[in-house]
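Okay, thanks for coming, everyone. Let me put the model up on the screen and then walk you through the strands.

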Amino acid sequence: MTALAATPADPYPGITLEWDRATAPDSYSVIRDGTIIAAGLDPDNDTVVSGIHNAWTDYFPIKGQLHTYSVQAVVNGKASASNPSVQARNRFRGTWLADAT
């Protein structure tokens, strides 16, 4: 995986991660501050933007906190060992109600 970037999902209270893949994994896992927050993301349906470019949005970061993110590619049940990381802080404007279901 290359070119991992994180930007506030303006105007929403989230952080969007974008990356390019070098190979086609079975799935992706997203890690925030050392904890997996999304696993089993399908690269063909959950993250693909176009070609090798992927994106995923964390809609529930802690307000105003600087977070460290990384994305793991998973192939044959094994997660990639070395993953680039990126830091981002969300812009939280107003009050947002979200249904986490």
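**Starting from strand E7**

So, E7 and E9 pair antiparallel over 5 bridges. Strands here are DSSP runs of at least two residues, labelled E and numbered from the N terminus, and two strands pair if DSSP finds at least two bridges between them. Leu66 stands opposite Arg89 in E9.

Quick caveats before I go on. This is a predicted model, with local features needing pLDDT of at least 70 and side-chain atom pairs counting only at pLDDT 80 or more, while totals for chains, interfaces and linings use all residues. Residues are numbered from 1 along each chain as its sequence is written, and side-chain values use heavy atoms, with hydrogens and water left out.

Back to E7. With E3, E7 pairs in the antiparallel sense over 6 bridges, and there Val30 has Val71 of E7 as its bridge partner. E7 also pairs with strand E8, residues 78-79, antiparallel again, over 2 bridges. Those two make a hairpin with 2 residues between them, and Asn76 in the turn has a positive phi of about 50°. How covered is E7? Mostly: 7 of its 10 residues are buried, where buried means under 20% relative accessible area, using a 1.4 Å probe and protein chains only.

Now the other sheet I want to show you. This one is open, with 4 strands in the order E1-E2-E6-E5, paired antiparallel. E1 (2-8) and E5 (48-50) sit at the edges with a single partner strand each, so one side of each has no neighbour in the sheet. On average, neighbouring strands in this sheet are turned by 25° against each other, direction ignored; the axes are lines fitted to C-alpha atoms. E1 and E2 are joined by 5 bridges, and Thr2 has Asp20 in E2 as its bridge partner.

What about the core? The largest nonpolar core has 15 residues, and Leu17, Trp19, Val30, Trp56 and Val71 touch the most other members. By nonpolar core I mean buried Ala, Val, Leu, Ile, Met, Phe, Trp, Tyr and Cys residues joined through side-chain atoms within 4.5 Å. Leaving aside neighbours within four places in sequence, Leu17 is in contact (heavy atoms within 4.5 Å) with residues including Val30, Trp56 and Val71.

Last stop, Pro61, in the loop between E6 (53-58) and E7 (66-75). Buried or exposed? Pro61 counts as buried, because its relative accessibility is 9%. Among the residues Pro61 touches, beyond four places away in sequence, are Arg32, His67 and Tyr69.

Methods. Buried means under 20% relative accessible area, exposed over 50%, partly exposed in between (1.4 Å probe, protein chains only). Axes are lines fitted to C-alpha atoms, for helices over the stretch in contact, and angles run from 0 to 180 degrees between N-to-C directions.
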